[in-house]
Amino acid sequence: MARDLIHDNLNISSENHLMMAGVDTLSLAKEYGTPLYVLDEDKLRRNCREYIQAMKAAFGDKGAVAYAGKALSIKALYPIINEEGLYADVVSQGEIYTALAGGFPGEKMIFHGVNKTPDEIAFALDKGVGIFVVDNEEELCLLDSAAVAKGIQQKILVRITLGIDPHTFEEVKTGKIDSQFGAGVETGMAKELVAKALEKQNLQVMGFHSHIGSQIAEVKPFLDQVDKIVSFVKYMKDELGFTPEILNLGGGFAIRYTEEDPAVDVEANIKALGERLLDQLSSQGIQLPQVILEPGRSIVGDAGLTLYTVGRVKVIPGYRTHVIVDGGMTDNPRFALYGAKYTVVNAGKAAEAPDTVCTIPGRCCESGDRIGEDIKVFDPQVGDILAVLSTGAYNYSMASNYNRVPRPAMVMLKNGSPRLVVKRETLDDLIANDL
Ligand code: LLP
């Protein structure tokens with residue numbers, strides 16, 4: 001029985017090998033070694049275009065998309081994001097530096113962060129970062145002083161928290177009222193922050209930012225977000241005489257990790273969100289501002305997979321079968337952190353229906369080091385190459401050197417050929433900063 005490979009860029013060769021974008025994953029493992037992150041450039045570009053087109057259809061010239069680099073920030077990605085016409089959401093000096101190194105213009109960056117340091121603020125101002133998303137009052141004051149000192153007029157958005165619970169992993173909710181992010185509408189902190197921002201001579205308040213969470217499969221939380229943000233817009237107009245030129249609604253659309261996950265229709269979601277926003281704004285007599293969405297996961301997540309080699313198969317009769325791979329929580333900490341679920345394909349026997357329920361531990365000295373538990377894989381044997389699907393987002397960007405494991409290499413596939421975009425770390429890289 002042919003199996004559901006979840007993503008449209010994956011198929012199976014006549015030799016029964018898993019293919020991504022027409023490239024044999026077994027050959028990739030052979031050529032570049034494992035663990036190996038693989039990214040499909042064409043899929044990535046299709047994802048960008050789907051967003052851009054849907055935002056154009058919903059909002060005309062007022063629709064824009066910013067790629068959230070926290071999902072994956074590497075030099076090779078930024079020329080693609082730039083060519084496809086997206087802005088970039090950056091959250092640290094490191095992400096700004098990476099984007100600049102990838103030729104991405106500072107003015108198309110939107111700088112987030114709950115605790116931007118004075119050094120980061122100065123760096124971002126010097127590099128001409130287009131928009132700061134100001135999270136709190138301390139930042140507002142630090143940024144304004146730095147802008148005054150440098151004689152810069154800096155555009156900002158004020159990050160507000162709407163109190164929406166999108167039913168996702170507790171750790172990835174950011175829009176709840178008690179979150180560390182942004183200023184709460186309900187508590188009055190949002191109004192206060194906007195009022196203070198409007199007084200700052202060197203800051204130009206362009207509007208508001210809100211992000212409600214991540215891996216959200218339903219459209220309802222986004223519609224609630226629209227309703228709440230429009231009432232805040234109306235409130236700010238009435239109270240402070242301020243009308244936004246930009247509304248940034250953050251990211252959060254889910255992708256498929258397993259067969260059970262529903263497919264999210266980006267176009268339909270944006271259409272629904274657009275209709276709701278236009279409707280709400282016009283009923284309040286407010287003009288449509290520029291509307292920005294900030295997806296990360298749904299741009300890169302399903303464009304990536306990770307290849308591992310099985311090193312040990314440990315069958316514990318009556319308990320479980322451990323299929324131990326040469327990576328794990330160091331390159332993908334999402335099971336350890338969130339209990340996240342994945343689909344795993346035995347890449348050399350890809351067409352076979354998965355028959356063995358296994359736990360897939362990584363190589364670290366830690367019992368929680370797993371790619372997953374109770375995952376069905378076909379006949380896993382030592383030496384087999386396993387492909388873990390949907391790993392383009394929040395894998396490499398969250399990787400570590402725990403147990404002094406070097407981080408894997410990454411290849412990008414385009415027109416049927418791979419190119420190395422991240423080198424495998426060496427032992428010397430591991431001790432490079434040790435004195
Ligand atoms: N904008 C802001 C302000 C955000 O905080 C985030 C994600 C995004 C955009 C992009 O959201 P996305 O479209 O990727 O859902 N490490 C977690 C995800 C944390 C997301 C944090 N913020 C995970 O591995 O599931």
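This note goes through the ligand site and a few individual residues of the structure above.

1. Basis. This is a predicted model, in which local features need pLDDT of at least 70, side-chain atom pairs count only at pLDDT 80 or more, and totals for chains, interfaces and linings use all residues. Residues are numbered from 1 along each chain as its sequence is written, and side-chain values use heavy atoms, with hydrogens and water left out.

2. Ligand surroundings. The ligand is surrounded by 19 residues, of which the closest are Ser214, Glu294, Arg297, Arg334 and Tyr394; a residue is near a molecule if one of its heavy atoms lies within 4 Å of it. This shell divides into six nonpolar, seven polar and six charged residues. Here Ala, Val, Leu, Ile, Met, Phe, Trp, Tyr, Cys and Pro count as nonpolar, Asp, Glu, Lys and Arg as charged, and the others, Gly among them, as polar.

3. The side chain of Glu294 has an N or O atom 2.7 Å from a nitrogen atom of the ligand. For Tyr338, an N or O atom of the side chain is 2.9 Å from a ligand nitrogen atom. Gly296 takes part through a polar backbone atom, 2.9 Å from an oxygen atom of the ligand. The protein buries 92% of the 590 Å² that the ligand exposes when taken alone (areas by the Shrake-Rupley method with a 1.4 Å probe; for residues, only the protein chains shown count as cover).

4. Asn47. This residue belongs to helix 2, residues 41-59. Helices (H or I, at least four residues) and strands (E, at least two) are DSSP runs, numbered from the N terminus. Asn47 counts as buried because its relative accessibility is 6%; buried means under 20% relative accessible area, exposed over 50%, and partly exposed in between, with a 1.4 Å probe and protein chains only. A polar atom of the Asn47 side chain lies 2.9 Å from the backbone oxygen of Ile299.

5. Asn346. Strand 16, residues 344-346, contains Asn346. With a relative accessible area of 2%, Asn346 is buried. Its side chain and that of Asp384 are joined by a polar contact of 2.9 Å.

6. Leu307. This residue is part of strand 14, residues 304-315, and is buried, since its relative accessible area is 0%. Between the C-alpha atoms of Leu307 and Asp326 the separation is 9.4 Å, and the two residues are 19 residues apart along the chain.

7. Backbone details to check by eye. Thr34 and Pro35 are joined by a cis peptide bond, with omega about -10°. Pro35 lies in the loop between helix 1 (25-32) and strand 4 (36-40).

8. Positive phi values. Ile6 is not a glycine, but its phi is positive, near 70°. Ile6 is placed in the segment before strand 1 (10-12) and is buried, with a relative accessible area of 11%. Arg404, also not a glycine, has a positive phi of about 50°. Arg404 is in the loop between strand 19 (385-389) and strand 20 (409-414), and counts as partly exposed at 44% relative accessibility.

Key
A polar contact is a pair of N or O atoms within 3.5 Å; within protein, one must be able to donate a hydrogen and the other to accept it, and residues adjacent in sequence count only if both atoms are side-chain atoms.
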